[in-house]
Amino acid sequence: MKSLLYVSVLLIFGACTHESGHARGELEVQEIEETATIPQIVLVDRIEEVQATLAYADGVDGSEDKVVSKCLSCQLHMNGDHHYAVHVEGYEVQLCSDSCQKAFSDDPAGITLAIASNAPVENEETVVQ
Ligand SMILES: [Zn+2]
């Protein structure tokens with residue numbers, strides 16, 4: 001009688017670990033798919049200025065984690081969404097909407113540097129003046 005109980009407990013335990021392992025596997029696949037859908041933007045000019053501004057924008061949310069969580073197209077006034085993110089210069093830039101993502105993709109340097117004018121960015125530009 002005792003050994004039968006032991007076997008059934010073992011079976012339940014075994015079923016549980018199998019199920020959670022399966023769920024974890026599904027989650028990993030989802031994450032990979034999500035990362036793959038984030039468009040990569042390659043800058044062609046003003047790269048150093050954009051990098052400096054991205055570094056500033058990264059810190060605006062209180063943590064320098066290479067994720068800009070405020071919408072650059074909205075001059076950091078709106079919260080960005082991972083769903084509308086793009087990758088640029090090693091940063092994940094989270095825009096707030098489809099149209100903001102499009103606007104940023106069309107002119108990443110222009111949009112990023114538009115916030116530099118009202119941001120205290122310390123770069124070569126300030127030194128030269
Ligand atoms: Zn926006």
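**Val93 and its contacts**

I started at Val93 and looked up what it touches beyond four places in sequence. I found Val68, Leu72, Ala85, Val86, Val88 and Phe104. I note here that the model is predicted.

**The core**

Next I looked up the largest nonpolar core, which has 18 residues. Which of them touch the most other members? I listed Ala57, Val68, Leu72, Val93, Leu95 and Phe104. H2 gives the most, with five residues.

**The whole chain**

I stepped back to the protein chain. I counted five helices and four strands. From the N terminus on, I read the order as α-β-α-β-β-β-α-α-α. The chain has 129 residues, and 21% of them count as buried. I also checked contacts between residues at least 6 apart in sequence. Of these, 54% join residues at least 24 apart.

**Helix H2**

I went back to H2. It has 14 residues and reaches 20 Å from its first C-alpha to its last. That is close to the 20 Å expected at 1.5 Å a residue. Which residues of H2 are buried? I noted Val50, Ala52, Thr53, Leu54, Tyr56 and Ala57. I then looked for what covers them. The cover includes strand E2 (67-68), E4 and H4. After H2 comes Gly62, and I read its phi as positive, near 95 degrees.

**The sheet**

I traced the four strands next. They form an open sheet in the order E1-E3-E4-E2, with mixed pairing. The edges are strand E1 (40-41) and E2, each pairing on one side only. I reminded myself that strands of a sheet pair through backbone hydrogen bonds, either parallel or antiparallel. In which sense do E2 and E4 pair? I found the parallel sense, over two bridges. I followed Val67 across to E4, where its bridge partner is Glu92.

**Helix H3**

I looked up the buried residues of H3 and found Cys100, Gln101 and Phe104. Why do they sit on the same side of H3? They cover an arc of only 100 degrees around the axis, so they share one side. I recalled the general rule: an α-helix has 3.6 residues a turn, so residues three or four places apart point the same way. What do the buried residues of H3 pack against? I noted E3, E4 and H4. I then turned to the face away from the buried side. There I found the exposed residues Asp98, Ser99, Lys102 and Asp106.

**Two positive phi values**

Last, I checked residues other than glycine with positive phi. Arg46 has a phi of about 55 degrees, although it is not a glycine. I placed Arg46 in the loop between E1 and H2. I counted 14 C-beta neighbours inside 10 Å, so Arg46 counts as partly exposed.

Leu76 has a phi near 70 degrees, again positive in a residue other than glycine. Where does Leu76 lie? I found Leu76 in the loop between E2 and E3. I counted 19 other C-beta atoms within 10 Å of Leu76.

Methods
Residues are numbered from 1 along each chain as its sequence is written. This is a predicted model: local features need pLDDT of at least 70, side-chain atom pairs count only at pLDDT 80 or more; totals for chains, interfaces and linings use all residues. A nonpolar core is a set of buried Ala, Val, Leu, Ile, Met, Phe, Trp, Tyr and Cys residues joined through C-beta atoms within 7 Å. A residue is buried if 20 or more other C-beta atoms lie within 10 Å of its own, exposed if 12 or fewer, and partly exposed in between; C-beta atoms are placed from the backbone. Two residues are in contact if their C-beta atoms, placed from the backbone, lie within 7 Å. The expected span of a helix is 1.5 Å times one less than its number of residues. Two strands pair if DSSP finds at least two bridges between them. The arc is that of the directions from the helix axis to the C-beta atoms.
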